[in-house]
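Thanks for coming, everyone. I have one structure to walk through today. Please take a look at it before I start.

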Amino acid sequence: MKVVIIGGVAGGASTAARLRRLDENAEIIILEKGDEVSYANCGLPYHIGGVIPRRDALLVQTPEKLHAALNIDVRVRSEVVAIDAAAKSITVRRHDGETYAETWDKLVLCPGGVPIRPATPGDTHPKIFTLQNVADMDRIKRQVDADARRAVIIGGGFIGVEVAESLRGRGMHVDLVEKQGHILPFLDVEMAHELEAHMLRHGVRIHLNNSVHEFHSDGDGIACELSRGERLRADFVVSAIGVRPSTALAQSAGIALGPRGGIRVDEHMRTSHPDIYAAGDAVEVRDLVTGAAALVPLAGPANRQGRVVADNIAGRPSRFAPVQGTSIIKVFDMTAGCTGASERRLLQDGIAYRKIYVHPSGHAGYYPGTAAMHLKLLVEPKAGKLLGAQVVGFDGVDKRIDVLAVALRAGLTVYDLEELELAYAPPYGSAKDPVNMAGFVAANLLRGDAPHWYAEQYPEQTAGSLLLDVRSESEYARWRIPGSLNIPHTRLRANLDLLPRDKPLLVYCRTGFRSYLALRILKQAGFASVATLSGGALTFSALHEKLSLGFRLNPEEAHGNETLVELVEASGRVFDLDVRGLHCPGPIEALQGKLADIGVGDEVVISASDPVFLSHLPCWCSSYGHWLLDTRHIGADVQARIRKGAAM
Ligand SMILES: Cc1cc2nc3c(=O)[nH]c(=O)nc-3n(C[C@H](O)[C@H](O)[C@H](O)COP(=O)(O)OP(=O)(O)OC[C@H]3O[C@@H](n4cnc5c(N)ncnc54)[C@H](O)[C@@H]3O)c2cc1C
């Protein structure tokens, strides 16, 4: 049997390797139009950034190694330009321009995706790059190595964000332009917010709800005219606005495409032609949650599909299961992961759901090096089966999203999450793991023990209710939802007579925990209509950015209280304050206490482990008349230097 595979990276190389393990006698040929096979395209951004210093570390295999180990005939710089499905032959164009015909018994299409070009005037400018393969990476890296100073990234998806981080790592000025209202479209808007703030803290200027309507030359570089009026000048542009399935060959051979424009395959990865299979970014898959056809250009599905193709060619009728789109990304020191459907997708597809947010620490709060994570769970309203999950944070995000991915795949419910027994020691987790916490909160909601209200209901749907803030007075003084009444939860029992019984009570705190305690007090005291704000002020301020504490500062404004506060002369006295292990608002409260004890012009160098502290600090300093001199990341910790102002 002669098997010809078009495309020699994730899907193609997996097919070939698995097939050889199953069939020692098959003749296996890989045709790859690029210079390399089986390279690590997921690592490309990190070589540009210097995190992976050795280029050859990305070149996982060579044609010679594949031949020696697996007896595979790998032909690079060999592009398949035509398929004759009836005659079972293909036309191959070699790099020298010569063409030849090759026959096959089974053909496997693994041509991947094609980067989408911006389609705006000037989009063929030679300083616009895409990042798809090793040659693209080399082109971009040459620019950076040649001292390019400024780059514009178009598109805030996986590749755009990874490239932005990598170029910042090389000290470049980076502007990221995103057409939608938030980066990383696999997340819902409120979940992306802290990541955007974090990118801003790391000096990436983000232009949301914006696009480039024209590119043109600007000296040696390129200028991007934004739809909202700004002009961005750069040494080069990286266009990362997505990929579409590479289907031209398949289409010309009469192979059927699906509704999303990818190659249609059955569960055995067979196309509409009985002897032609396909795998990877070029094919359409079935979505596990919605049941709809989907394009999921990820390495995991491509590799697993390759195995299924090989199985079926070798006579084992294995099946490719529907996909749930589990994915993860590093954004400087943060991580974001998702699995299953987003809320936006469920709304679009008209699928009923309930949702909860929790903000537990990545591991025990008293053990250094953790911070609150943002975890969102979407579940079926009745049975409580998982429909989707998103996790954003600094530590422990990867394992939570993977546990939730397994739970979703296994059809577990929120009641199962309550019972999961997960590994715990203080450096790794909590006795009640974030996954258990999400289960408790979601189960409380579904059982009717704790009705929720949501940030997006404010202000229209909250009018006529009493907003009850049960945080401490000092927290309330720093930030509150306008129009709310403050009764700290510890004083609630003694002050029940201050609350109306004829209005709904909408309770909130910072994360949703204290408001849940308050809700239980109020319910048992006979208040009929009480709900707790899901995700608390953290989720609320992520959504209502205007009310949030300085989350939207541009990097150049991050130390910008010079316009608001007159700089006082330094006294020369500097105090260290170590608040590592405290979560926000703990660090701000400790700083406030310290500043109260020292003189005007004295300085505090504060070390904290909750990186969110740095989001709040610029605005807090401005409000209280202090001078924020410096902020920095030291390993997993953050440090800031503040001079006490005169306006305390
Ligand atoms: C920069 C980058 C980072 C990524 N990071 C991640 C990540 O972190 N996690 C993740 O899950 N996924 C990631 N992905 C996506 C992942 O790499 C892809 O989903 C996966 O590689 C798809 O496999 P594939 O075999 O379908 O296509 P590819 O791996 O793209 O391989 C297709 C190959 O086919 C060749 N080809 C196309 N047409 C022809 C032809 N006519 N003749 C001969 N050869 C042809 C192409 O040259 C290409 O080498 C990333 C992708 C990129 C580009």
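First, a caution. This is a predicted model. Keep that in mind throughout.

Let's begin with the ligand. There are 28 residues around it, and G11, E32, N41, D281 and A299 come nearest. What kinds of residues make up this shell? They divide into 17 nonpolar, seven polar and four charged.

Now some polar atoms. Look at D281. One of its polar backbone atoms is 2.7 Å from an oxygen atom of the ligand. N41 uses its side chain instead: a polar atom there lies 3.0 Å from a ligand oxygen. For K33, a backbone N or O atom lies 3.0 Å from a nitrogen atom of the ligand. So how much of the ligand does the protein bury? Taken alone, the ligand exposes 1,000 Å², and the protein buries 88% of that.

Which elements give two or more residues to the shell? They are helix 1, residues 10-22, strand 4, residues 78-84, and helix 8, residues 299-313. Strand 4 gives the most, with three residues.

Stay with helix 8 for a moment. This helix has 15 residues. From first C-alpha to last, helix 8 reaches 21 Å, close to the 21 Å expected at 1.5 Å a residue. The buried residues of helix 8 are P301, A302, Q305, G306, V308, V309, A310, D311, N312 and I313. What covers them? The cover includes helix 1, and also strand 1 (2-6), strand 7 (106-109), strand 18 (276-278) and strand 19 (285-286). Just after helix 8 comes G315, with a positive phi of about 95°.

That brings me to the backbone. Here is the background. Most residues other than glycine have a negative phi, and most peptide bonds are trans. Now the exceptions in this model.

Take A119. Its phi is near 55°, a positive value, and A119 is not a glycine. A119 sits in the loop between strand 8 (113-115) and strand 9 (128-129). Is A119 buried or exposed? A119 counts as exposed, because its relative accessibility is 64%, and the cut-off for exposed is over 50%.

Next, L184. This residue also is not a glycine, and its phi is positive, about 50°. Find L184 in the loop between strand 11 (173-177) and helix 6 (189-201). L184 counts as buried, because its relative accessibility is 0%.

One more backbone feature. The peptide bond from Y458 to P459 is cis, with omega near 0°. P459 is in the loop between strand 26 (452-453) and strand 27 (466-469).

Last, two buried residues. T335 belongs to strand 22, residues 334-340. Why does T335 count as buried? Its relative accessible area is 18%, and buried means under 20%. Leaving aside neighbours within four places in sequence, T335 is in contact with I328, I329, V391, V392, G393 and V397.

The other is E343, in helix 9, residues 343-348. E343 has a relative accessible area of 9%, so E343 is buried too. What touches E343, leaving aside neighbours within four places in sequence? The contacts are D188, E190, Y353, K355, Y357, K376, L378, Q390 and E456.

That's my tour. Over to you for questions.

Methods
Residues numbered from 1 in each chain as written. Predicted model: local features only at pLDDT ≥ 70, side-chain atom pairs only at ≥ 80, totals over all residues. Heavy atoms only, no water. Near = heavy atom within 4 Å. Polar contact = N/O pair within 3.5 Å; in protein donor to acceptor, adjacent residues only side chain to side chain. Areas by Shrake-Rupley, 256 points an atom, 1.4 Å probe, with all protein chains shown as cover. Helix = DSSP H or I, 4+ residues; strand = E, 2+ residues; numbered from the N terminus. Nonpolar A, V, L, I, M, F, W, Y, C, P; charged D, E, K, R; others polar. Buried < 20%, exposed > 50% of the residue type's maximum accessible area, 1.4 Å probe, protein only. Contact = heavy atoms within 4.5 Å. Expected span 1.5 Å × (residues − 1).
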